[in-house]
Amino acid sequence: MPSIRNQIRELRAQRNLTQQELADQVGVTRQTVIAMEQDKYSPSLETAFRVARVLEVPLEECFQYEPRDGGRRSIKEERQRVSKP
Amino acid sequence: MPSLSYREKTLYASLVAELVVYGPYFVLHRQNTVNKVAGMILGIIVLQAVLQSVIALVTRNRVTDERDRLIELRGYRAGYLTLATLMVVGLGLLWFHATMGRLPLENRWAALHFLSVFFGMLVISDIVKTVAQIVSYRRAL
């Protein structure tokens, strides 16, 4: 399972969009929308932005990053880890 | 097949074409000739062209996206690894038989045998590539 979760299904339902309509507007196949909604596929950054734009929400409202270790690291630890050369 | 994308349909068609055309190649291995191999290559091209044309005609939405390209790359990776493995094993066997003096290169059938073996490697790799792509689609990726 990818560590990126999303709210595409909920946001799409709120806007009464079908999977096919969303797929057409984003420019992907319906199967890709299904895979994203099931958290089986993490889209590229460009596609993620396009999905958020079609659903009219900020990117972080549509996609959330959940580390595989369950987010046990604190923000300080994460910053230290990222800043290491 | 309403739940299949255009790319998936073309992959199933490719797999059917490969099995129909190459199946006899493996079953009737000992009766292979150069003409037969050439006929098989021609046959797969014609059958693929017909099947892909029919699928393109009956499929309205022929969109392909980044996931299709990713799955295609995965298939090519699986196919390449298979081909590389078979080549290493094949060359190893060749070297083994050559050092044991059991390689009758003067035999006129040796060339056909090599042609058969290397063509078989390509066929197996191609089938692995197609199957890997189908499995990736069925597993969502």
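In which loop of chain A is A:Asn16 found? In this predicted model, A:Asn16 occupies the loop between α1 (8-14) and α2 of chain A. Its phi is near 55 degrees, a positive value in a residue other than glycine. Most residues other than glycine have a negative phi. A:Asn16 has 7 C-beta neighbours inside 10 Å and therefore counts as exposed. A:Asp39 belongs to the loop between α3 and α4 of chain A. Because A:Asp39 has 17 C-beta neighbours inside 10 Å, this residue counts as partly exposed.

Chain A contains 6 helices and 2 strands, arranged along the sequence as β-α-α-α-α-α-β-α. Of its 85 residues, 24% are buried. Among contacts in chain A with a separation of 6 or more, 58% involve residues 24 or more positions apart. The mean pLDDT of chain A is 86, with 79% of its residues at 70 or more. Among the elements of this chain, α4(A) has the highest mean pLDDT, 96, whereas helix α6 (residues 75-83) has the lowest, 65. Where pLDDT is low, the predicted coordinates should not be read in detail.

The largest nonpolar core comprises 15 residues, of which A:Val26, A:Val51 and A:Cys62 touch the most other members. At least two residues of this core are supplied by each of α2 (19-26), α3 (30-37) and α4 (45-54) of chain A. When residues up to four places away in sequence are not counted, A:Cys62 touches A:Asn6, A:Gln7, A:Ile8, A:Leu11, A:Val51, A:Ala52, A:Leu55 and A:Val57. One of these contacts, A:Val51, is itself among the core residues that touch the most other members.

Chain B contains 4 helices and 0 strands, and its elements follow the order α-α-α-α from the N terminus. The radius of gyration of chain B is 18 Å, whereas a compact globule of 141 residues would have a value near 14 Å. Along the principal axes, the C-alpha atoms of chain B fill a box of roughly 60 × 30 × 20 Å. Buried residues account for 16% of the 141 residues of this chain. Of the contacts in chain B with a separation of 6 or more, 88% are between residues 24 or more positions apart.

Helix α2 (residues 34-58) of chain B has 25 residues, which at 1.5 Å a residue should span 36 Å; its end C-alpha atoms are 36 Å apart, in agreement with this expectation. The number of buried residues among the 25 of α2(B) is 0, so this helix lies largely in the open. Helix α3 (residues 66-99) of chain B includes B:Leu73. B:Leu73 counts as exposed because 12 C-beta neighbours lie inside 10 Å, the cut-off for exposure being 12 or fewer. The C-alpha atoms of B:Leu73 and B:Lys129 are separated by 9.4 Å, although the two residues are 56 residues apart along the chain.

Between the two chains, 7 residues of chain B are in contact with 11 residues of chain A. On the side of chain B that touches chain A, the residues divide into 3 nonpolar, 3 charged and 1 polar.

Definitions and conventions. Residues numbered from 1 in each chain as written. Chains lettered and ligands numbered in written order. Predicted model: local features only at pLDDT ≥ 70, side-chain atom pairs only at ≥ 80, totals over all residues. Rg over C-alpha atoms; globule rule 2.2 N^0.38 Å. Buried ≥ 20, exposed ≤ 12 C-beta atoms within 10 Å, placed from the backbone. Nonpolar A, V, L, I, M, F, W, Y, C, P; charged D, E, K, R; others polar. Core = buried A, V, L, I, M, F, W, Y, C linked by C-beta atoms within 7 Å. Expected span 1.5 Å × (residues − 1). pLDDT = per-residue confidence, 0-100.
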